[in-house]
Every structure is written in C-alpha cells, then in structure tokens.
Amino acid sequence: MSEFTVEVFTLLGVALLVIGLRTYVRLTTVGIKGFQADDYLMLVAAVAYTVETYLAYAVGAFWKGLANNAMTDEQRRLLDPNSEEFRFRVNGSKTQVAGWSTYTFLLWVIKAAMCTFYLRLTEGLEYRKRIFVGFVMLFVTWVAVLLSILVSCLPFEKNWQIYPDPGNSCQPAIARVEIFVTLSLNAVTDIYLMTIPIPMLLGASMKRFRKIGLTLLFSGGAFVTVAGMLRCILILTDPANGAQQAASWAVRETFVAVLTSNLPMCVPLINRWGRPLLGSLRSLKSMTGRTTRSGRPDPRPGAFRLEDKNPRRGLGLRSVNPITDISISEVELNGLPYVHQQEDVWSRSDPDPERGLDENGATRNGFILKQTSLQVSEARNNAIDTGRGGGDYGDYYLVQQAKKSAAASEGSPPGRSWKGSGVNRYGGRSP
C-alpha cells in the first residue's frame with residue numbers, strides 16, 4: 001500500500017505541475033483576459049484529478065481494497081452487518097461508484113479542452129466542422145457512459161448491497177457494463193480527436209523532426225486508449241483485487257491523458273528553457289568532439305592547430321626544443337573579438353593616433369601599454385619545393401624569426417614596447 005500511495009501522489013504532483021506550466025504559458029502569452037474555454041477546463045480537470053487521486057487512495061488506505069465483489073453466497077450470508085469488514089465493503093463499493101463517475105468526468109473534460117484548443121488552432125480552416133462534430137460526439141458519449149454507471153444497477157442502493165448477491169452489474173468494482181461501455185466510447189472519441197490535428201500537421205510545411213514530434217504529442221489519445229485497455233483486462237482477469245486494480249489504473253490512465261493533452265501547450269516554454277542548455281551542450285561538443293588528423297582533440301572552440309609537417313616524421317624532430325602543439329585562439333579586446341595576425345613593433349618615431357597612443361607610447365590616461373604576443377609559423381625554402389636544394393629549412397626559419405624578434409625588441413624604448421598589433425576581423429586596426 002505504501003508503494004501505491006507514493007505512486008499515486010507522485011503522479012498527482014507531476015500532473016498538477018504540467019497543468020501549472022500550461023497555465024503559466026497562457027498567462028505569459030495572452031494574460032488572464034485572453035483565457036479561453038480550454039484553459040478553464042484544464043483547471044477543472046486539475047480539481048477532478050485531485051479528487052480522483054484521493055478516492056483511489058481511499059480504496060486501499062481506508063477500505064483495504066474491499067467492495068461487494070469476490071464473495072461466495074455463503075460468505076455473504078455469514079457476514080455480520082455490524083462487523084468492520086461489512087463496513088469496509090459497503091464504503092468501498094460507494095467509493096467505487098464515486099471513482100467511476102469522477103474518472104469518466106475527468107477524461108471527458110480533458111477531451112473537451114482538447115477539442116476547444118483545436119477550435120482555436122483551426123480558425124478559418126475547413127477542419128472546424130469536424131471539431132463541432134467532435135463536441136456533439138463528446139456530449140453524447142459522456143451521457144451514455146454516465147448512464148451506464150448510474151442506471152445499469154437499479155435501485156441505485158444495490159451498488160453496495162452485500163447479501164443477497166446483487167449481480168455483476170451492481171458490483172461497481174468489476175461491472176462489465178461500465179467497463180465495456182467506458183472502454184469502447186473512450187477509444188472511439190480518442191481516435192476521432194486524433195484525426196483532427198494529425199492531417200493538418202502532416203500537410204504543414206515544417207521540418208520533418210518537428211513534424212514527427214508534434215504528431216506524437218497530439219497522438220496522446222492512443223496511449224490513453226492502451227492504458228484503458230490494460231485497466232479493463234486487469235480488472236476482468238483478477239476480480240478478487242478488482243477494486244484496487246480499478247482505482248490504481250484509473251489514476252494511471254488519467255495521468256497519461258493529462259500529460260499528453262497539456263504538453264503541446266508547453267512546447268514554447270520547453271523550447272525557451274531548453275535553448276540555453278542546448279547551446280551549452282553544443283559548445284561542450286565543439287570543445288571535446290572535434291579531432292585533427294593526428295587523432296587529438298582541438299584544445300578549445302575557435303582554435304587552430306599547427307601540426308607537424310616535417311618530412312622526417314617518424315624520425316624525430318630536429319629542433320632542440322620543438323613546439324609540437326600550438327593553439328592560437330580568439331581573445332576579447334575592448335568587447336570585440338581580436339585575432340593576432342602579424343607582429344608589429346612600436347617605435348618613438350611612429351606614433352599612432354588611431355590607437356590612442358602618443359609619441360611615448362602612452363594612452364590618453366597616461367598609462368603605458370605593453371602587449372606581448374608570440375606568433376609561430378612554419379615555412380620551407382622554395383628550393384625544397386622546386387627541387388633545387390636539399391635539407392629541412394623549417395628549424396632554420398624559426399631560429400631566424402627569433403633573432404629578428406630579439407633585435408626588434410632591443411631597438412624599442414625600454415618599458416615602452418608595443419608588439420602584436422594586428423587587424424581585427426572587422427577590418428580596423430586593434431591596439
């Protein structure tokens with residue numbers, strides 16, 4: 001019983017949360033003045049689902065899963081009307097009648113809300129005639145189901161009669177009339193309601209995956225029908241525990257109905273809340289998922305890898321301190337992306353007003369700017385490409401570049417060197 005209690009109240013919490021999210025979406029998009037009939041019907045469904053959950057809990061917690069079924073004639077005759085079991089069976093049977101009524105009311109309220117939603121969705125389209133037919137069908141079928149519960153056993157008090165045996169139609173936990181009428185009409189209405197939005201979605205011009213997802217959402221009636229069939233099969237095959245089975249599966253079936261009927265309205269909110277998460281996942285994938293031809297992942301998004309193109313690959317590098325893995329990435333400078341593209345040395349004779357520097361290499365605020373960057377490139381002598389010479393000139397080129405950089409640094413004013421200026425991606429020079 002404790003497991004069942006946890007289950008039903010967990011389902012109740014999730015169902016109320018989904019209805020709350022749907023209401024929040026409507027409040028933030030149209031406001032309370034823009035509420036339509038389906039919005040109010042879903043609030044009614046929230047109350048009905050709460051009542052149904054309490055009744056299902058009461059069947060097991062208060063009445064021990066007992067009703068006026070699963071008894072022999074001898075047991076009925078010998079049962080003391082003043083005993084606790086007699087009271088449990090009578091009250092359990094009454095709860096079953098109330099549970100059946102609440103269960104069917106909740107399902108048909110949800111169907112009416114969906115039909116009203118389709119009416120708003122198809123404004124000005126030819127599908128509206130089918131929706132009006134759906135409203136008529138829902139009203140007629142709900143009256144038929146309600147009559148099967150209330151008038152299939154007369155007088156009405158026989159629904160909780162113990163002795164003599166009132167017959168199957170007066171045993172609400174396992175009454176076949178109620179089971180088959182509810183199951184058949186529930187399936188017919190669900191299938192009809194699914195035929196309204198699905199043709200529109202299949203003919204709409206949208207991405208395939210989005211179309212498939214929305215079609216599955218609006219096909220929730222199929223899941224409700226399957227749950228109702230399982231409920232009826234379990235009740236009929238296990239009449240001894242029929243009361244508890246009926247209560248348990250009624251809650252599960254209506255939970256599926258609440259979920260599938262409200263999720264389509266929550267799609268905008270799910271997209272809004274899930275977009276930052278999806279963006280983070282894409283960034284993480286770009287950081288860890290990309291690999292180079294050497295099989296090593298890129299160090300970070302937007303980075304470039306200088307790979308070893310030495311023709312002596314496999315025979316070892318010539319450099320004493322080889323640089324095997326260098327990444328050049330974008331940095332933020334004054335709020336704009338900046339990419340180092342070349343090396344430049346500031347000199348006293350070459351002030352640059354565009355950078356905001358005076359002749360001493362200082363800013364207007366009196367600060368001395370110093371930025372040091374390292375640019376490593378790899379090249380080969382043309383003689384190698386043309387076949388006019390031999391040998392690997394890659395290491396020689398790096399050494400010469402280092403010497404030039406050192407000589408340029410010595411020629412700049414001490415403490416006022418400026419290196420690494422370049423051109424940003426927007427075409428202007430960046431300090």
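Predicted model: local features only at pLDDT ≥ 70, side-chain atom pairs only at ≥ 80, totals over all residues.
Figure 1. Leu43 has its place in helix α2, which covers residues 37–61. Together with Leu27, Ile32 and Tyr40, Leu43 forms a nonpolar patch on the surface, and the accessible area of these four residues taken together is about 370 Å².

**Figure 2. The largest cavity and the residues closest to its centre.** A search of the whole structure finds three cavities of 30 Å³ or more, and the largest cavity, the subject of this view, has a volume of about 200 Å³. Its lining is made up of 16 residues, of which Met114, Asp190, Gly220, Gly221 and Thr260 are the closest to the centre. By residue type, the lining of the largest cavity divides into ten nonpolar, four polar and two charged residues.

**Figure 3. Helices that contribute to the lining of the largest cavity.** At least two residues of this lining are supplied by each of α4 (84–121), α6 (176–194), α8 (208–218), α9 (220–237) and α10 (242–288). Among these elements, α4 provides the largest share of the lining of the largest cavity, namely five residues.

**Figure 4. The second largest cavity and its lining.** The second largest cavity holds about 110 Å³ of space. Of the 13 residues that line the second largest cavity, those closest to its centre are Gln96, Gly99, Trp100, Ala247 and Ala250. Two or more residues of the lining are given by each of the elements α2, α4 and α10, and α4, with five residues, accounts for the largest share of the lining of the second largest cavity. The residues of this lining comprise eight nonpolar, three polar and two charged ones.

Figure 5. Met200 lies in helix α7, which is formed by residues 197–203. With a relative accessible area of 17%, Met200 is buried, since the cut-off for that class is under 20%. Although Met200 and Tyr127 are 73 residues apart along the chain, their C-alpha atoms are separated by 8.7 Å.

Notes: Residues numbered from 1 in each chain as written. Heavy atoms only, no water. Patch = residues over 30% accessible without salt bridge, like charges linked within 9 Å, V, L, I, M, F, W, Y side chains within 5 Å. Areas by Shrake-Rupley, 256 points an atom, 1.4 Å probe, with all protein chains shown as cover. Salt bridge = Lys/Arg side-chain N within 4 Å of Asp/Glu carboxyl O. Helix = DSSP H or I, 4+ residues; strand = E, 2+ residues; numbered from the N terminus. 1 Å grid on protein atoms, 1.4 Å probe; cavity = no way out; pocket = protein on both sides within 12 Å on 5 of 7 lines; lining within 4 Å. Points joined across faces, edges and corners; volume = space filled by probe spheres on them. Nonpolar A, V, L, I, M, F, W, Y, C, P; charged D, E, K, R; others polar. Buried < 20%, exposed > 50% of the residue type's maximum accessible area, 1.4 Å probe, protein only.
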